[in-house]
Amino acid sequence: MSPGSARRLTRAQARRVAIAAQGFLDPRPPPFRATMRHVQRVVDRVGVVQIDSVNVLSRSHYLPFFSRLGPYDRALVDRARDRAPRRLVEHWAHEASLIPPGTWPLLDHRMRRASEVAWGGMRRILAERPELVDLVQAEVEARGPLTARALERALEHDQPRGKDQWGWNWSEVKQALEYLFWAGRISSAGRTSQFERRYAALTATAPPSQRDAWLDRPGPEADPERFVELVRIAARAHGVGTERCFADYFRIARADAREAIARLTVDGELIPVEVPGWRPAWLHADARVPRRVHVEALLSPFDSLVWQRDRVHDLWDFHFRLEIYTPAHQRVHGYYVLPFLHGDSLVARCDLKADRAAGLLRCHSVTWEPGASTEARPALERNLEQMAEWLGLRHVVTGTVS
C-alpha cells in the first residue's frame with residue numbers, strides 16, 4: 001500500500017464488519033440457557049445500551065440482548081444493573097443508557113456542564129432553589145437508594161413543609177433529583193418493577209474497584225484523554241465508521257471526536273479506509289472483516305446497530321425513522337417498529353405489540369424491502385415465534401403484509 005493510500009472496503013464488507021463488531025456473529029446459547037457471561041459479552045461488544053420507557057413490546061434495554069442471544073432470562077440484565085458488584089450503571093451516554101461502571105467517569109465532561117446543558121426544569125431548580133438541591137442530595141446520601149416518591153415522603157418526615165417556611169413540592173424534588181443525577185452528584189442503583197429510578201449515593205453504586213475514579217474525577221484538563229477513550233469504545237463497537245458515527249455513539253462534539261480519531265490513527269488503533277459514500281472513514285485495527293455472514297435478528301428501534309440514521313442508509317440503503325412520537329395518521333410503518341436483519345441485510349420492518357392480556361404477540365404490519373430473499377419470510381416467522389416465547393406469549397398474530 002503506497003504512502004497516504006487507504007484500504008478499500010465495499011459497502012457489503014462494511015456491513016459485515018459492522019454486524020460482527022456489534023456481536024451478532026458470536027455463538028448464541030441454547031434458548032433460556034444464557035448466563036451472566038453471555039450478558040457480559042454483549043455489554044463488552046456494544047459498550048452502551050439505550051433505555052426507553054415505552055413498554056408496548058418490552059423495555060428497550062432488554063431487546064439488544066435478545067437480538068444477540070435469543071430467548072434469555074431478563075432477570076440477568078436486572079441483576080447486572082441492580083446488584084453489587086454492578087456490571088451496568090445508568091447515566092446519560094447516547095441518551096439515557098446503561099454503561100459499564102468504568103465508562104461512567106469518562107462522561108464527567110457532560111456532568112460538569114449540567115448547569116448549562118441539562119433540560120430547562122433541572123437548570124431552573126438549580127438557579128432558583130439551590131438549597132433544595134443540596135437538601136435532596138443529603139437526603140439521598142443518608143437514606144438511599146430510593147425513588148423520587150419515596151424521597152418526597154422521607155423529606156416530609158425530615159423537613160415538614162410549614163406555611164411559614166420555604167416549602168417545596170413533588171415536581172421540584174424530582175427536578176432536583178434529575179439535576180443531581182445528570183451532574184454526577186448522585187447515581188442510580190437500578191429501577192423498580194414500575195421502572196422508577198432508585199437514586200443512590202455515589203459510594204453506594206460505584207464498584208469498589210472503580211470508587212476512586214467515581215469520587216475523585218479530574219477536571220477539564222483530563223477531557224482530551226476521556227474523549228480518546230470514548231471514541232475508542234465507539235470505534236470498537238462500530239468496527240468501521242466515520243467521524244459522525246464515532247461522535248454520535250456517546251453524543252460528543254465532532255471536534256472532540258476528530259482530535260481523538262487523529263490520536264488513535266497515529267497510534268495505529270484506527271486505520272483509514274475508503275468506503276463508497278463515506279469520506280473519510282476508519283476501520284478499527286481489531287475489527288473482523290468476515291467474508292460472509294448470516295444473521296437473523298429483530299432489532300429494537302433503539303438498538304445501537306441502527307442509532308445513526310445516515311449510517312443505516314449509507315450501508316444498508318434502509319430509511320429508518322422512529323415514529324413513536326409521530327401522530328398516528330402520519331406514521332408510515334407503525335408505532336413500535338423493529339427492523340429485521342437477515343443475512344447481512346435489513347429486509348423488513350415489523351410493527352409489534354405485546355398484548356399481555358390476550359397472551360398474543362401482535363404483529364400489526366410487516367413491510368418488506370424490495371429484493372428481500374424468499375428465505376427471509378420463514379426466518380422472520382421463526383424469530384417472531386421466538387420473541388413470543390421469550391415474552392411469555394402464546395401465539396403470534398400477523399396483520400397486513402406489504
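Visitor: Where is R251 found?

Guide: R251 is found in the loop between α14 (243-249) and α15 (254-266). This is a predicted model, in which local features need pLDDT of at least 70, side-chain atom pairs count only at pLDDT 80 or more, and totals for chains, interfaces and linings use all residues. Residues are numbered from 1 along each chain as its sequence is written, and side-chain values use heavy atoms, with hydrogens and water left out. Helices (H or I, at least four residues) and strands (E, at least two) are DSSP runs numbered from the N terminus.

The phi of R251 is near 55°, a positive value in a residue other than glycine. As background, most residues other than glycine have a negative phi, and most peptide bonds are trans. With a relative accessibility of 37%, R251 counts as partly exposed; that class lies between buried (under 20% relative accessible area) and exposed (over 50%), computed with a 1.4 Å probe on protein chains only.

F195 also has a positive phi, near 75°. Its position is the loop between β5 (187-191) and β6 (197-200). F195 is buried, at 12% relative accessible area.

The cis peptide bonds can be taken next. One runs from A84 to P85, with omega near -5°; P85 sits in the loop between α4 (75-82) and β3 (89-92). On β3, both faces are covered: V89 and H91 on one side, and E90 and W92 on the other, are all buried. A hairpin of three residues leads from β3 to β4. These strands pair in the antiparallel sense over four bridges, β4 being residues 96-99; two strands count as paired if DSSP finds at least two bridges between them. Within this pairing, W92 stands opposite A96 of β4.

Another cis peptide bond joins R279 and P280, with omega about -5°. Here the proline, P280, lies in a strand, β9 (residues 278-284). Strand β9 belongs to an open sheet of four strands with the order β1-β8-β9-β7 and mixed pairing. At the edges are β1 (7-8) and β7 (240-241), each of which pairs on one side only. The partner of β1 is β8 (residues 270-275), joined to it in the parallel sense over two bridges. In that pairing R7 stands opposite V273 of β8.
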